[in-house]
Amino acid sequence: MRKSNQIDMTHGPLLGKIIMFALPLMASGSLQLLYNAADLIIVGQFASNGQKAIAAVGATSAIINLIINVVIGLSVGSSVVVARYLGAEDREGAHRATHTSIAISLVSGLVVGLFGFFAARVLLVWMNTPEDGDVLNMAVSYMRIYFIGAPVNMLYNFGSAVLRAMGDTKRPLYFLTVAGFVNIILNFIFVYFLHMDVDGVALATLVSQAISAFLVTLCLVKSDGPCRLYFSKLKIYKKELKMIAVVGLPAGIQGSLFSISNVIIQSSMNSFGDIVMSGNTAAGNIEGFVYVAENAFYHAAITFTGQNYGARQYKRTRKVFWICMAMTAAISFLLSGLVYIFGRQLLGIYLPGEDEAINYGMTRMLIVILPHLLLGLENTVVGQLRGLGYSVSPMIISIFGICGIRIIWVYTAFAANRTLEMLYLSYPISWAITLIGTLVLYFIAAKKLPKDGQLLAESKM
């Protein structure tokens, strides 16, 4: 019998279950973004030099993502592997995959944390982070404190991936709600009362991540199913490690290569100065709320497809694809439109009285946020492919379509016309090209699916 906080993905109507799965993920992603929003809003309102503090925090995001995305990709692999075992009702396999996932999170978190801490200044200098006005020093300090918390960050991400594979997206939401309140309270204490500026928001983020990681771990320890966590049985099993890596490493490499292209764009952005940087950072944070809503259906496509694939219900995987694509389109169209319509008011929360920076933020909203549907659909297609076991080929298409096109664009079109608008155009153009490529790959893969109940050859592209 399934618990009320888990979803039976292999039986019954799909639409309602996919929505039930996705809504808590949207809320969870939004809460995580609220951590960053609280950081930016509070330093913008109360730090001694709010605009430069926002620029400093914003300068770290691309490089942080570059470092951690390989490991975060492995957590996607964990979700797929656990979901397949659960769909096939293989309790022992789910047990091994769960313990392998948590062990990977602890090891990788330590490695990532040490690297990020000691490489922070070198990487930020490489990105042309402005050294005037202490922007560089503030960004270095923020990054170092952030990476001290890398182990708990990874533990939360892998633990949540296991819960998602079980169909449980509600409890991670509850945990993030608790951690979010703590984060906001600590932001006020550290920045407003103790005048710690970017150090304060970084410490608040670290503490809140530790709380959410503890709660997710406690949830797994108290679980009574095949995914129950026993610290005494933590071990990296070779078979499950390989299965996780087959799906997760291409996803992680793809994410990091995306970040390389974003680092190059951020480096170009930094050359425009801290006013442009602050407007871009605020708009990028608002854009994130559109992204996490779309991304909920990416995770739904992965998990529902993974479980039904494991249960050899291939017809249901096709239904999952069309439902997730339709829901992604609807939510993206609605939210991107609302964000643009109320863009100035939203940017004003981050940048009170900074009209010039707000104007730059509106430029990003026009060119990047309005066509965000292209990215949402592309991610959902990739989620479906990963649930089916295709990971390398969508990675290759995405590397060329997004990373390659953006890098070529920066060194050709943008180099010939160094305007903010020309730089931002690299986003929708790269999304459109990649969406076409991944759709072609999906329809090829869908044709290869056999009838329900039959074995599927494991050769994947």
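This is a predicted model: local features need pLDDT of at least 70, side-chain atom pairs count only at pLDDT 80 or more; totals for chains, interfaces and linings use all residues.

Student: Why is the pair of Tyr-146 and Phe-147 called edge-to-face?

Tutor: The ring centres of Tyr-146 and Phe-147 are 5.6 Å apart, and a pair requires centres within 6.5 Å. Their planes stand at 80°, and angles over 60 degrees count as edge-to-face, so the pair is edge-to-face.

Student: What makes the pair of Phe-272 and Phe-414 tilted?

Tutor: The centres of Phe-272 and Phe-414 lie 6.3 Å apart, with the planes at 55°. Stacked needs under 30 degrees and edge-to-face over 60, so this pair is tilted.

Student: Why does this pair tie together parts that are apart in sequence?

Tutor: Phe-272 is in the loop between helix 8 (238-270) and helix 9 (274-310), whereas Phe-414 is in helix 14 (residues 392-416), so the parts joined are 142 residues apart in sequence.

Student: How do you know whether Phe-414 is buried or exposed?

Tutor: Buried means under 20% relative accessible area; Phe-414 has 1%, so Phe-414 is buried. Phe-272 has 30% relative accessibility and therefore counts as partly exposed.

Student: What makes Lys-233 count as sitting over the ring of Tyr-230?

Tutor: The charged end of Lys-233 is 4.7 Å from the ring centre of Tyr-230. The distance limit is 6 Å, with a further condition of within 35 degrees of the ring normal. Arg-364 likewise sits over the ring of Tyr-427, at 5.4 Å from its centre.

Student: Which residues touch the most other members of the largest nonpolar core?

Tutor: Among them are Ile-63, Met-143 and Phe-147, in a core of 80 residues. Helix 2 (residues 50-87) supplies the largest share, 17 residues.

Conventions
Residues are numbered from 1 along each chain as its sequence is written. Side-chain values use heavy atoms; hydrogens and water are left out. A nonpolar core is a set of buried Ala, Val, Leu, Ile, Met, Phe, Trp, Tyr and Cys residues joined through side-chain atoms within 4.5 Å. Buried means under 20% relative accessible area, exposed over 50%, partly exposed in between (1.4 Å probe, protein chains only). Helices (H or I, at least four residues) and strands (E, at least two) are DSSP runs, numbered from the N terminus. Rings of Phe, Tyr and Trp (its six-membered ring) pair if their centres lie within 6.5 Å; planes under 30 degrees apart count as stacked, over 60 as edge-to-face and the rest as tilted.
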